[in-house]
Amino acid sequence: MATRGRNERTTSVTAARKGGRRVTTKPGAAKPGAAGATAPRPGAGEAGDAGENLRPVDPLSELAPPAKRILKAARKVIVKEGYGALSLQTVADEAGELKSTIAYYFGDKAGLVTSLVESLIHDTNVNAVKVLASVPEGPERVRELLKVQRQIAGAQDYWRLLFGLLPEIRKDKKLRGRFAELLHWYYEIVLKSLGIWDENDESGESKLVASLVLAVLEGFALQAELAPDGYDLDARFALWESILTPYIERRVDAKQGGCDGGSGGGSPGQAT
């Protein structure tokens, strides 16, 4: 009887997380949204070029309404009071839900934080995907990407949430692993947006470029958060565009010419 009870609970929890659609999960298997569960990489399994493969899958799209309310409440708690105030009880109070409801959907605090990070990363990329998918490769797409990143850099609530979560992510091995997966997904989105995605890039240069683009965004956002009034994000992104665009043009030209995109391209800002 005890085994049967566990089986029924596993099935019902998974069904509730899928918005009521009944999906059977083997007992003991990791469940989406639960502590230690690993969701599929957003956009995994899709193929094609930038316009075809810039459609991220919302990792939380099938969560039941109470679970979505809980995530929104968790964001509010961190923004208002900081990560130190985040607990199942404070989130439950903010969401108007029972503490046991949070455990039902997310397992524990680590599971809640994992889903929260996934939702944050996904949300920041949705607008970029919509804008960039229809823009031709080259300088115009670089310009549009940096416009989107300029908007993200000024989103103070987002960065306060993310920067508040990072120390906790660093402490948890499973959370670090999930964040690394999301980071690689972001790299892929950036490289496809710039028209220089190459999954067979043995030199690793493409990933270095994606890492640099993300580092500039995060650096500007952190400086804007800490600097006094008058921090000019527009001027900084304009300078960054003037450095990045010539490099991307060389990479795209080499790709279209059937050459190795990394040969003779140099690094951003480096003369050839």
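So, where is the place of Val-142? Val-142 sits in helix H6, and that helix is where I'd like to start. Quick housekeeping: this is a predicted model, where local features need pLDDT of at least 70, side-chain atom pairs count only at pLDDT 80 or more, and totals for chains, interfaces and linings use all residues. Residues are numbered from 1 along each chain as its sequence is written, and side-chain values use heavy atoms, with hydrogens and water left out.

Helices here are DSSP runs of H or I, at least four residues, numbered from the N terminus.

Back to Val-142. At 1% relative accessibility, Val-142 counts as buried; buried means under 20% relative accessible area, with a 1.4 Å probe and protein chains only. Leaving aside residues up to four places away in sequence, Val-142 touches Leu-194, Leu-244, Thr-245 and Ile-248. Touching, or contact, means heavy atoms within 4.5 Å. Take Leu-194: Val-142 and Leu-194 are 52 residues apart along the chain, yet their C-alpha atoms are separated by 6.1 Å.

Now the helix pairs. Two packed helices are described by the angle between their axes and the distance between the axes. The axes are lines fitted to C-alpha atoms over the stretch in contact, and angles run from 0 to 180 degrees between N-to-C directions.

First up, H6 with helix H10, residues 233-256: their axes come within 10 Å and cross at roughly 150°. That makes H6 roughly antiparallel to H10, a label for angles over 145 degrees. On the H6 side, the contact includes Val-142, Leu-146 and Gln-149, and on the H10 side Phe-237, Trp-240 and Leu-244 are among them. By class, that contact has 9 nonpolar, 2 polar and 5 charged residues. Nonpolar covers Ala, Val, Leu, Ile, Met, Phe, Trp, Tyr, Cys and Pro; charged is Asp, Glu, Lys and Arg; the others, Gly among them, are polar.

H6, residues 139-153, also packs on H9, at about 35° with axes 9 Å apart. Gln-149, Ile-152 and Ala-153 of H6 meet Val-213, Leu-217 and Ala-221 of H9. That one has 5 nonpolar, 1 polar and no charged residues.

And H9, residues 205-226, has another partner: H8, residues 173-194, packs on H9 at about 100°, axes 9 Å apart. So H8 is roughly perpendicular to H9, the label for 65 to 115 degrees. Among the residues meeting there are Tyr-186, Tyr-187 and Leu-194 from H8, and Val-213 and Leu-217 from H9.

How values were computed. Helices (H or I, at least four residues) and strands (E, at least two) are DSSP runs, numbered from the N terminus. Angles under 35 degrees count as roughly parallel, over 145 as roughly antiparallel, 65 to 115 as roughly perpendicular and the rest as oblique. Buried means under 20% relative accessible area, exposed over 50%, partly exposed in between (1.4 Å probe, protein chains only).
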